[in-house]
Amino acid sequence: MPTIKSSYLGNLRTQSEHLQSGTQLLTDAPIDNNGKGEAFSPTDLVASALGSCMVTIMGIVADREGISLNGLTWQVKKIMQASPRKIQEIVVDFEWDNPIDDSVFIQKLKNAARTCPVALSLDPAIKQTINFKF
């Protein structure tokens, strides 16, 4: 059974539905690639998936240890290569307002993030720059 059902809406826009939850999302080609830039581009989703996957795996580790990650935020920057057009680098900057004072646990979080399924699935040619500001 499929996980996602998608359709082309025209004008370089797609709609996808996560079949289990019914959640929908749109993609739009970016302005610099003939689109309107009115929604996530497919490559934006890849970059976003990296940060979200990292935090999900960090959350699993934190839950196992009974530690809250409240206040943890991140920003993602996607850098495109011109020719061939593809993702060249994804930069993820993590910040945590009130991190736990436990260097062993912090290292576990960092290791978990770097080995999340998306990080391991991306082509090694895509540079992953991960900054932990905690």
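Here is a short chat about a predicted model of a protein.

Trainee: Hi! How many helices and strands are there in the protein?
Mentor: The protein has 3 helices and 6 strands. Along the sequence, they follow the pattern β-β-β-α-β-β-α-α-β. Bear in mind that this is a predicted model.

Trainee: Thanks. What share of the residues counts as buried?
Mentor: Of the 134 residues, 29% count as buried. The C-alpha atoms fill a box of roughly 50 × 35 × 25 Å along the principal axes.

Trainee: Let's turn to E89. Where is E89, and is E89 buried or exposed?
Mentor: E89 is in strand β5, which covers residues 86-96. The residue is buried, yet has no salt bridge.

Trainee: So what is the nearest side chain of opposite charge, and how many Å away is it?
Mentor: That is K127, 4.1 Å away.

Trainee: Which side chain does E89 make a polar contact with?
Mentor: The side chain of T129, at 2.5 Å. Setting aside neighbours within four places in sequence, E89 is in contact with K77, K78, I79, I126, K127 and T129.

Trainee: New topic: pockets. What volume does the largest pocket have?
Mentor: The largest pocket has a volume of about 150 Å³. Its lining is made up of I4, S16, E17, H18, T23, Q24 and L25.

Trainee: Which strand gives the largest share of that lining?
Mentor: β2 does, with 3 residues. Both β2 (13-18) and β3 (24-28) supply at least two residues each.

Key. Residues are numbered from 1 along each chain as its sequence is written. This is a predicted model: local features need pLDDT of at least 70, side-chain atom pairs count only at pLDDT 80 or more; totals for chains, interfaces and linings use all residues. Side-chain values use heavy atoms; hydrogens and water are left out. Helices (H or I, at least four residues) and strands (E, at least two) are DSSP runs, numbered from the N terminus. Buried means under 20% relative accessible area, exposed over 50%, partly exposed in between (1.4 Å probe, protein chains only). Lys and Arg count as positive and Asp and Glu as negative; His and the chain ends are not counted. A salt bridge is a side-chain nitrogen of Lys or Arg within 4 Å of a carboxyl oxygen of Asp or Glu. A polar contact is a pair of N or O atoms within 3.5 Å; within protein, one must be able to donate a hydrogen and the other to accept it, and residues adjacent in sequence count only if both atoms are side-chain atoms. Contact means heavy atoms within 4.5 Å. On a 1 Å grid over the protein atoms alone, a cavity is a set of points where a 1.4 Å probe fits but cannot get out, and a pocket is an open set with protein on both sides within 12 Å along at least five of seven lines; lining residues have an atom within 4 Å of a point. Grid points are joined across faces, edges and corners, and a volume is the space filled by probe spheres set on the points.
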